[in-house]
Amino acid sequence: MPVINSIISMFSTKRLAQIDFFKENPIQVQRDTLVELLRRAADTEYGLKYDFDSILTAEQYRERLPIIHYEELAPYSERLMNGEQNLLWPDPITWFAKSSGTTAAKSKFIPVSKESLESCHFRGGKDVISIFNKLYPDAQVFNGKTLALGGSSEISKTNNCRYGDLSAILISNTPFWANMMKTPDQSIMLMSEWEEKIEKICDTTIKEDVRSLAGVPSWFLTLINRILE
């Protein structure tokens, strides 16, 4: 077994056991997760408004909290962007995912906490690596680089926050160990001009030992066709 695969196995043993538990007990895990999130947010402005601390079941959650549209949450996002905290989540919120959508607003600004990045997006990536390594312990994928491709991305700043599309936020907050396995570097991945980005990626990665691809398939078709040219 390759050395890198052995290291991944060593660090992922506990997580794989947790994943097996999730698969065997999906309802229990979802109920426990709901209660854990409610307790974490109980002392926020939103949590106090709906008395999160007294909600014990999914049924109580559905009964107490109304279904709302983005427009009703937008004032909270605006206040967070102006520096207020502890409104929707207890951890400091300084990042916002900018997303165009079907609401009346031109763009939506979705608060993104550090805990959300760690527990959702980055953990998801680590879980994929752990599961793949378990299924294919002799694969040589991790001995080379992953070619990562995001959309046309840029980070904007105000006095209190930073915002951009979600892929830009993920790239900007990627752990150092993941960056060591990726190509190209962040400065290229965060370029906003698509055509220029494609050319830069071709120039800098064409001689790299790329073993895997991470990104939207339709974008990769454009990139790979350009590399072949």
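Mentor: Let's start with Met10, which sits in helix 1, residues 3-24 (helices are DSSP runs of H or I with at least four residues, strands are runs of E with at least two, and both are numbered from the N terminus). Bear in mind that this is a predicted model, where local features need pLDDT of at least 70 and side-chain atom pairs count only at pLDDT 80 or more, while totals for chains, interfaces and linings use all residues. Residues are numbered from 1 along each chain as its sequence is written, and side-chain values use heavy atoms, with hydrogens and water left out.

Met10 is exposed, at a relative accessible area of 57% (under 20% is buried, over 50% exposed and in between partly exposed, with a 1.4 Å probe and protein chains only). Together with Val3, Ile7 and Phe11, Met10 makes a nonpolar surface patch of about 480 Å². Such a patch takes residues with over 30% relative accessible area and no salt bridge, joining nonpolar side chains (Val, Leu, Ile, Met, Phe, Trp, Tyr) within 5 Å and like charges within 9 Å; the areas are Shrake-Rupley values with a 1.4 Å probe, and for residues only the protein chains shown count as cover.

Arg15 forms a salt bridge with Asp127, and their closest N and O atoms are 2.9 Å apart (the criterion is a side-chain nitrogen of Lys or Arg within 4 Å of a carboxyl oxygen of Asp or Glu). This pair ties together distant parts of the chain, since Arg15 belongs to helix 1 and Asp127 to helix 6, 112 residues apart. Helix 6 covers residues 114-135. Both partners are buried: Arg15 has a relative accessible area of 15%, and Asp127 has 13%. Leaving out neighbours within four places in sequence, Asp127 is in contact with Ile19 as well as Arg15 (contact means heavy atoms within 4.5 Å).

Helix 1 also packs against helix 2, residues 26-40, at an angle of about 105 degrees with the axes 5 Å apart. The axes are lines fitted to C-alpha atoms over the stretch in contact, and angles run from 0 to 180 degrees between N-to-C directions. The two helices are therefore roughly perpendicular (that covers 65 to 115 degrees, with under 35 roughly parallel, over 145 roughly antiparallel and the rest oblique). On the helix 1 side the contact is made by Phe21, Phe22, Lys23 and Glu24, and on the helix 2 side by Pro26, Gln28 and Val29.

Arg62 is exposed at 57%, whereas Glu59 is partly exposed at 40%. Arg226 and Glu229 pair up too, at 2.7 Å, N to O; Arg226 is partly exposed at 34% and Glu229 is exposed at 70%. There's also a network of salt bridges linking Arg40, Asp91 and Glu115.
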